[in-house]
Amino acid sequence: DHRVVIDNSTLAGNFAAGELVGSAGANTVFDYEALTVTSNSGETMLEVGSGTASLRNSVIFANAGALAFEISNGGTFLSGGGNYAQDASCDGVAQVLDPLLGPLALNGGSTLNRLPLAGSLLINTGVAPVLNPVFDQRGQQRVRFGAVDIGSVESDLQLVFASSFEA
């Protein structure tokens, strides 16, 4: 048996003739958590062949000519929730609103990432992390301001909601 874990990672600006990241073999388990997969091109961003894959707290958006997730050869897909995808292949719901991600940049840490901007639908809307509940891609606290964000990095912004409006 083989297990591959990809968490707290940004995949951006890549081209693949087939799948960007794929699995093969009945005894392969892929665990994807807290990914930001944007601005790529290819047939499929994430694919599971005859193995098993789980996806949690990941944004797969604005990829050219691609399915977010594909199951082939009898593979099994398990959604852990908290996913925001450009089509209905992950959680059964196609997201059409821009998730408001900043440009690919060094936003702290040692690797490029895309930080959620003010008003992003990714902020505080994830589910409890499983693989790495402590740190994001930058090495920053994973749960900030009470809830986890979707994607590889936590926003530096705290959401403030008014409970009532004055006339």
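Select Ser155 to begin: apart from its neighbours within four places in sequence, this residue is in contact (heavy atoms within 4.5 Å) with Leu115, Pro116, Ile123, Arg144, Phe145 and Asp149. The structure is a predicted model, in which local features need pLDDT of at least 70 and side-chain atom pairs count only at pLDDT 80 or more, while totals for chains, interfaces and linings use all residues. Residues are numbered from 1 along each chain as its sequence is written, and side-chain values use heavy atoms, leaving out hydrogens and water.

Ser155 belongs to the segment that follows strand S11 (147-148); strands are DSSP runs of E with at least two residues, numbered from the N terminus. Ser155 counts as buried because its relative accessibility is 1%; buried means under 20% relative accessible area, with a 1.4 Å probe and protein chains only.

Next, display the aromatic rings. The structure holds 4 aromatic pairs; rings of Phe, Tyr and Trp (its six-membered ring) pair if their centres lie within 6.5 Å, and planes under 30 degrees apart count as stacked, over 60 as edge-to-face and the rest as tilted.

Select Phe30 and Tyr32. Their ring centres are 5.4 Å apart and their planes stand at 40°, so this pair is tilted. Phe30 and Tyr32 are both buried.

Move on to Phe61 and Tyr84, where the centres are 5.9 Å apart and the planes are at 45°, so the pair is tilted. Phe61 lies in strand S6 (residues 59-61) and Tyr84 in strand S9 (residues 84-85), so the pair ties together parts 23 residues apart in sequence. Phe61 and Tyr84 are buried.

Finally, select Phe30, Tyr32, Phe69 and Phe77, which form one aromatic cluster.

Notes. Helix = DSSP H or I, 4+ residues; strand = E, 2+ residues; numbered from the N terminus. Buried < 20%, exposed > 50% of the residue type's maximum accessible area, 1.4 Å probe, protein only.
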